[in-house]
Amino acid sequence: MNGLPIDAKPIEILLVEDNENDVILTQEGFKLAKLKVNLHHVTNGQECLAFLRKQGRYVDAPTPDLILLDLNMPVMDGRELLEQIGADETLNHLPIVVLTASVEERDILKMYKLRCSSYIVKPVDFAQFVRVIQEMGNYWFTVVVLPQQTN
Ligand SMILES: [Mg+2]
(Lines give C-alpha, C1' and ligand atoms only; values in the text may rest on other atoms or scores of the structure.)
Protein backbone atom coordinates (compact mmCIF):
# COMPACT_ATOMS: atom_id res chain seq x y z
CA MET A 1 0.00 0.00 0.00
CA ASN A 2 1.27 3.46 -0.76
CA GLY A 3 -0.04 7.00 -0.73
CA LEU A 4 0.16 7.68 -4.45
CA PRO A 5 -3.11 8.83 -6.01
CA ILE A 6 -4.49 6.13 -8.29
CA ASP A 7 -4.65 8.47 -11.31
CA ALA A 8 -1.18 9.93 -10.80
CA LYS A 9 0.94 9.96 -13.90
CA PRO A 10 3.57 7.27 -13.90
CA ILE A 11 6.89 8.06 -12.31
CA GLU A 12 9.79 8.05 -14.75
CA ILE A 13 12.80 6.33 -13.24
CA LEU A 14 16.11 5.78 -14.95
CA LEU A 15 18.04 2.77 -13.70
CA VAL A 16 21.75 2.87 -14.48
CA GLU A 17 22.89 -0.70 -13.92
CA ASP A 18 25.15 -3.14 -15.80
CA ASN A 19 24.00 -6.32 -14.07
CA GLU A 20 21.02 -7.89 -15.86
CA ASN A 21 19.94 -9.80 -12.73
CA ASP A 22 19.80 -6.61 -10.70
CA VAL A 23 17.73 -4.97 -13.43
CA ILE A 24 15.19 -7.81 -13.25
CA LEU A 25 15.16 -7.66 -9.44
CA THR A 26 14.53 -3.92 -9.51
CA GLN A 27 11.72 -4.32 -12.08
CA GLU A 28 10.15 -7.02 -9.91
CA GLY A 29 10.61 -4.86 -6.83
CA PHE A 30 8.69 -1.97 -8.38
CA LYS A 31 5.98 -4.33 -9.62
CA LEU A 32 5.48 -5.83 -6.17
CA ALA A 33 5.72 -2.43 -4.52
CA LYS A 34 2.70 -1.44 -6.68
CA LEU A 35 4.27 1.81 -7.74
CA LYS A 36 3.18 3.20 -11.10
CA VAL A 37 6.64 3.44 -12.59
CA ASN A 38 8.07 3.63 -16.08
CA LEU A 39 11.44 2.06 -15.47
CA HIS A 40 14.00 2.99 -18.11
CA HIS A 41 17.32 1.27 -18.19
CA VAL A 42 20.84 2.03 -19.38
CA THR A 43 23.96 -0.01 -18.65
CA ASN A 44 26.67 2.59 -17.98
CA GLY A 45 27.35 6.25 -17.28
CA GLN A 46 27.98 7.21 -20.88
CA GLU A 47 24.61 5.83 -21.96
CA CYS A 48 23.02 7.60 -19.02
CA LEU A 49 24.38 10.97 -20.17
CA ALA A 50 23.11 10.30 -23.71
CA PHE A 51 19.67 9.47 -22.24
CA LEU A 52 19.59 12.61 -20.08
CA ARG A 53 20.78 14.77 -22.97
CA LYS A 54 18.33 13.08 -25.36
CA GLN A 55 21.06 12.21 -27.81
CA GLY A 56 20.99 9.57 -30.57
CA ARG A 57 18.45 6.84 -29.86
CA TYR A 58 17.36 8.65 -26.71
CA VAL A 59 15.96 11.64 -28.61
CA ASP A 60 12.44 10.92 -27.27
CA ALA A 61 13.54 9.92 -23.77
CA PRO A 62 11.67 11.56 -20.89
CA THR A 63 13.55 13.50 -18.24
CA PRO A 64 13.54 11.09 -15.30
CA ASP A 65 12.00 12.07 -11.97
CA LEU A 66 14.65 9.99 -10.24
CA ILE A 67 17.87 8.24 -11.20
CA LEU A 68 18.89 4.97 -9.56
CA LEU A 69 22.61 4.55 -9.88
CA ASP A 70 24.84 1.51 -9.58
CA LEU A 71 28.51 2.19 -8.80
CA ASN A 72 30.53 -0.42 -10.61
CA MET A 73 29.93 -0.43 -14.36
CA PRO A 74 32.08 -0.61 -17.47
CA VAL A 75 32.80 2.38 -19.79
CA MET A 76 31.77 5.03 -17.23
CA ASP A 77 31.12 4.06 -13.63
CA GLY A 78 28.72 5.63 -11.15
CA ARG A 79 31.37 7.79 -9.52
CA GLU A 80 32.41 9.48 -12.75
CA LEU A 81 28.79 9.81 -13.85
CA LEU A 82 27.79 11.56 -10.63
CA GLU A 83 30.71 13.95 -11.11
CA GLN A 84 29.65 14.70 -14.70
CA ILE A 85 26.01 15.26 -13.77
CA GLY A 86 27.05 17.54 -10.91
CA ALA A 87 29.11 19.64 -13.32
CA ASP A 88 26.24 20.02 -15.81
CA GLU A 89 23.93 22.97 -15.04
CA THR A 90 21.12 21.41 -17.06
CA LEU A 91 21.23 18.10 -15.16
CA ASN A 92 22.45 18.80 -11.64
CA HIS A 93 18.97 19.27 -10.19
CA LEU A 94 18.09 15.62 -10.82
CA PRO A 95 17.80 13.48 -7.69
CA ILE A 96 20.19 10.55 -7.75
CA VAL A 97 19.87 7.59 -5.44
CA VAL A 98 22.88 5.31 -5.33
CA LEU A 99 21.71 1.68 -5.26
CA THR A 100 24.70 -0.57 -4.91
CA ALA A 101 26.13 -3.69 -3.34
CA SER A 102 29.10 -1.69 -2.06
CA VAL A 103 29.28 -1.13 1.69
CA GLU A 104 32.75 0.45 1.35
CA GLU A 105 33.08 3.48 3.64
CA ARG A 106 35.08 5.33 1.00
CA ASP A 107 32.35 4.80 -1.63
CA ILE A 108 29.66 6.03 0.74
CA LEU A 109 31.68 9.12 1.69
CA LYS A 110 32.71 9.86 -1.90
CA MET A 111 29.17 9.63 -3.27
CA TYR A 112 27.83 11.98 -0.59
CA LYS A 113 30.71 14.37 -1.29
CA LEU A 114 29.59 14.28 -4.93
CA ARG A 115 26.11 15.18 -3.59
CA CYS A 116 24.17 12.01 -4.27
CA SER A 117 20.62 12.35 -2.89
CA SER A 118 20.88 9.15 -0.89
CA TYR A 119 22.89 5.98 -0.72
CA ILE A 120 21.19 2.60 -0.46
CA VAL A 121 22.93 -0.74 -0.06
CA LYS A 122 21.01 -3.39 -2.00
CA PRO A 123 19.68 -6.01 0.37
CA VAL A 124 20.64 -9.51 -0.73
CA ASP A 125 17.31 -10.94 0.42
CA PHE A 126 14.57 -10.41 -2.19
CA ALA A 127 11.77 -9.63 0.27
CA GLN A 128 14.01 -7.00 1.89
CA PHE A 129 14.90 -5.64 -1.53
CA VAL A 130 11.22 -5.19 -2.41
CA ARG A 131 10.59 -3.48 0.92
CA VAL A 132 13.47 -1.07 0.28
CA ILE A 133 12.20 -0.27 -3.22
CA GLN A 134 8.71 0.32 -1.84
CA GLU A 135 9.90 2.57 0.97
CA MET A 136 12.18 4.44 -1.37
CA GLY A 137 9.30 4.96 -3.81
CA ASN A 138 6.99 6.22 -1.09
CA TYR A 139 9.63 8.56 0.25
CA TRP A 140 10.57 10.06 -3.11
CA PHE A 141 7.10 10.27 -4.57
CA THR A 142 4.80 11.00 -1.65
CA VAL A 143 6.96 12.73 0.99
CA VAL A 144 9.57 14.66 -0.96
CA VAL A 145 8.85 17.63 -3.25
CA LEU A 146 10.66 17.16 -6.55
CA PRO A 147 11.58 19.81 -9.12
CA GLN A 148 8.99 20.15 -11.91
CA GLN A 149 10.10 18.65 -15.19
CA THR A 150 9.26 20.48 -18.36
CA ASN A 151 8.68 17.32 -20.42
MG1 LIG B 1 27.51 -3.12 -11.39
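Strand E1 (residues 11-16) and strand E3 (residues 66-69) run parallel and are joined by 4 bridges, where two strands count as paired if DSSP finds at least two bridges between them. The model is a predicted one, in which local features need pLDDT of at least 70 and side-chain atom pairs count only at pLDDT 80 or more, while totals for chains, interfaces and linings use all residues. Residues are numbered from 1 along each chain as its sequence is written.

E1 also pairs with E2, again in the parallel sense, over 6 bridges, and here the bridge partner of Leu 14 is His 40 in E2. H1 lies across E1 and E2 and runs at about 170° to E2, an angle taken on a scale from 0 to 180 degrees between N-to-C directions, with axes that are lines fitted to C-alpha atoms, for helices over the stretch in contact.

At the other end of the sheet, strand E4 (residues 96-100) is joined by 4 bridges to strand E5 (residues 118-121), and the two run parallel. Val 98 has Tyr 119 of E5 as its bridge partner. Together with helix H4 (residues 105-113), E4 and E5 make a right-handed β-α-β unit.

These pairings belong to an open sheet of 5 strands with parallel pairing, in the order E2-E1-E3-E4-E5. Its edge strands are E2 (37-42) and E5, each of which pairs on one side only. On average, neighbouring strands of the sheet are turned by 25° against each other, direction ignored.

The helices can be followed in turn. Helix H1 (residues 20-32) packs against helix H5 (residues 126-143) at an angle of about 65°, and their axes are 8 Å apart. The contact, in which two residues count if their C-beta atoms, placed from the backbone, lie within 7 Å, is made by Leu 25, Thr 26, Gly 29, Phe 30 and Leu 32 of H1 and by Phe 126, Phe 129, Val 130 and Ile 133 of H5.

Methods:
A crossover is right-handed if, with the strands pointing away from the viewer, the path from the first strand over the helix to the second runs clockwise.
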